[in-house]
Structures are given as structure tokens and as C-alpha cells.
Amino acid sequence: MDLGAAGLNVQPFPTHGKPLATITYSSQQAAFKVLEETLEHPTGLSLIQGPALSGKSTLIRLFLDTVESERAIALVDGKGLNTTNLLLAVLNQFGYEIDLSSPNELLGLVRVFALQQAASGYPPLLVVENMHELKPSALRALCELAELRVRFGTALKIVLVSDRALGRIISAPAMEPIARRQLHDFHLRPMTQDETRHYLHDKLAVAGAEFPAFIFPRVVCEALWHASGGWPGILDRLSLLALARADRLPVSTDHVEKPTLAPGTWDEALQGAAGTDDTIPPEPPRLIVTNNGSVIEEVAMQKSRLLIGRSEHNDISIPSRFISRHHALLVRHGRSTFLMDLNSTNGTMVNARRVSNHVLRHADVITIGHHKVKFDDPFATTDDVLDSAAFADTAVMKTLEDMRSLLAQENTALLPVATEDLPTLQG
């Protein structure tokens, strides 16, 4: 379809060059914070990982645009680089034009420059993309750069970027200088279904569309989300293709191609972890508590269990007379989350249906009293051992233990404290 016929002034989903507009979402915002903390930390070094077309390059360039001009920045593509090529690339980014020299001379120049800049209060920032494709000799040089120190920290801030999980590389004994400095091991997560719809409509609006929801109706946005896995780079390409295939508006789900998607980098990390059956992915599920449409709390489920209720001893405490003291329990097992109603007075609803127990899926809405709790976990799975008797027994035991512990805490809190003013029994 011609862009003008769709009411668009420019292509809303360009796949090359600077994007027309930067539409941020939760995982990208979290990654941005990781980069900020890396730059501010005295010995900051962090890993940023995500599959191809997950938005890593857009994220890095967006962040570098915010870095103060006084700080030297080297953004290097590590594909196939050996020691000499890596150091030459770093020095070129720092503004040096150098003829070929020995690796030791190049390393010395980088060392002197970094130490001088750090002494002035602005340690340089080195970002290496495709870090997993560096030659072993370049990895050794990277370790030497990681060991450069000044009085109050290190002389070089480092961000290592890859479309593969870096855990196995960093855990190698030879990489100890980098592992020792590691501040964050961040895996990008894709957009949720709601974030995908907003992303598409915002891009269409920036390109001139007056009614983005007419061009890409909700059902098409959902189809694009499923087809892209929520990854922005893939989403842009599929959206561009769907728009080109359509001969009239609105775009139809028949125009959405369904490619084979690469797994997230956390999958690789989990494969190498011990006890994968009980391993929780790097990014925990989020629980978004709302009342009358207003968000009142957002909680990351960091532990294997989470209690919701009126009592202050709950992980999520909601002071409402329509909610029981201990209303519901969430139990995390692998990538699945199991919801149990704790015999509450007014019951627990999931997607407007009353439940006593329920395996949560992404975007499920839990209703307790007049409050809603949205379960946000794009990679929640329900096909593991949750349905087995062994898990049911475990969940029940956890519930009983939690309840006994909490009741004991509350009962103890209600006991009077012995003071001289209280009457005592006379023998």
C-alpha cells in the first residue's frame, strides 16, 4: 500500500538508520537504568544481552546520546577482532589516528589515555558489541583494560553487549578480572502485548496517521506481537511488510507473516545453570496493583512465594475491608506461577472467573475485593510439573508454613508488653 493512501507522511517502520521516533518500553527502560548505574559506579562494568533485533543497538545509541560531552566514548564492534584490531578500534574512537604498532604499544596508549581521563574525573566508556565474537587474544587485552585502576575506582567503564548469553565466557578463569568487576548481568525482555500495541500506534501517529487504531486494529497488533515475540526489530520488519502487503485499510491479520524466532538469551543462561527445573528466569514476573484504574503499587516477584492480603505481614498489603487478612498466595516454580485462594471471604477472580487455584498466564488480571492485580510475565509457561501431585503437595505445605509463620508473628505482635504499670498476680 502506498504510504499516502494510508495517511502517512513517512515510513513509520524504517529498518535502517535512525528511527523516526524512540518508543520506550519497560525492559528497555530497565536496561537504560543499568547503563546509567554502570557509568556512575566507581568500578562499573555490565553485560547487556538479547537476541538479534531485540533493540540492543538502539538502546546503546540512545544512551550514548545522553552521556556528557566531557567523557570519551569508544563504541566497538567486536566481530572477529584480535588484540591489535581491538586496541586500534578503541584508540580511533577516542580520537587517535595511529599507524600500525605492536599490541604492547597500543595497549600502553590506551592505558595512558584512560588513566589521564579518569584522573580528570571522567573515566572513558568502552562499549563492545558482539563481545562473544572477540578473538581469545582480544579477550585477554580486554581483561588487562578492566584492571586499570585509579585512586577511587577503575580507569575505564565497560559495557559488553551480545546476542548470546555471556555467562559461560565471563565465568572462565581467564576472565576473572571482568567477572570481579561485573555490576549487572542484564537480559533484555520483549514488549508485552499492551506495550506492542502502544509501540505500533505511537509510531503510526508520529508518521502522520490520524487514526492509528484503524490502520492496525487490536487484533492485528496481537497477531504482530505473537509473530514478532515482542522484539522491536522484528516487529518493525513485520509491520512494514504487513503494511506493504495490504491493498486497503484496515490491515488484516492475513498480511502478518509468522517467522521462526530466536530464543531469548536467558534461555541459554538457564541451560547452563544447575537445577534448571527450579530456575527462575533473570527477570521476575511483575504484579501491577490497581484500584479504579489507578496504579497504586508495582511489585517484582523476587521470591518463590508471594502473599496478598489485608495484613501488613503480606508481601502485597492492601488495606481494604473487602480483602481477607491473608487472601491469596502465589507460588513460583520454574517459569510458572500458581495462584491459590486462601479460603478468602469474598473469593479470588482471574479474568472475571472465580478460582480456588489457577496457573497464571501473561496479562491475567486477578481481582480481589475492589482491587485488581495484573500478572505481567511474557514468558510464563504452564506445561511443566505444576499439575503434578508432587507440586500440589509442595504448594499446600508452603501455604501452611507461610500461614503458621504469619499468624505467629501477628499473634506475638498483639501480646501486651510487660511493664511496671501492668497488674501482676500475687502468690
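Helices (H or I, at least four residues) and strands (E, at least two) are DSSP runs, numbered from the N terminus. The structure is a predicted model, in which local features need pLDDT of at least 70 and side-chain atom pairs count only at pLDDT 80 or more, while totals for chains, interfaces and linings use all residues. Residues are numbered from 1 along each chain as its sequence is written, and side-chain values use heavy atoms, leaving out hydrogens and water.

**Exercise 1. Examine helix α3: its buried residues, their cover and the helix ends.**

Step 1. Buried means under 20% relative accessible area, exposed over 50%, and partly exposed in between (1.4 Å probe, protein chains only). In α3 (residues 83-93), the buried residues include T83, T84, L86, L87, L88, V90 and L91.
Step 2. An α-helix has 3.6 residues a turn, so residues three or four places apart point the same way.
Step 3. The cover over the buried residues of α3 includes β2 (73-77), α4 (103-119), β3 (125-129) and α5 (136-146).
Step 4. At the N-terminal end, N82 caps α3, with a side-chain oxygen 3.3 Å from the backbone nitrogen of T84. After α3 comes G95, whose phi is positive, near 100°.

**Exercise 2. Find where H187 lies and what its side chain contacts.**

Step 1. H187 is part of strand β7 (residues 184-187).
Step 2. H187 counts as buried because its relative accessibility is 3%.
Step 3. The side chains of H187 and T265 are joined by a polar contact of 2.6 Å. A polar contact is a pair of N or O atoms within 3.5 Å; within protein, one must be able to donate a hydrogen and the other to accept it, and residues adjacent in sequence count only if both atoms are side-chain atoms.

**Exercise 3. Classify the pairs F13 with F216 and F32 with F63.**

Step 1. Rings of Phe, Tyr and Trp (its six-membered ring) pair if their centres lie within 6.5 Å; planes under 30 degrees apart count as stacked, over 60 as edge-to-face and the rest as tilted. The whole structure holds 4 aromatic pairs.
Step 2. The F13 and F216 rings have centres 6.0 Å apart and planes at 15°, so this pair is stacked. F13 lies in the segment before α1 (26-40) and F216 in the loop between α9 (212-215) and α10 (218-228), so the pair ties together parts 203 residues apart in sequence. F13 counts as buried, at 0% relative accessibility, and F216 counts as buried at 0%.
Step 3. For F32 and F63, the centres are 5.5 Å apart and the planes at 80°, so the pair is edge-to-face. F32 lies in helix α1 and F63 in helix α2 (residues 56-64), so parts 31 residues apart in sequence are tied together.

Methods:
Contact means heavy atoms within 4.5 Å.
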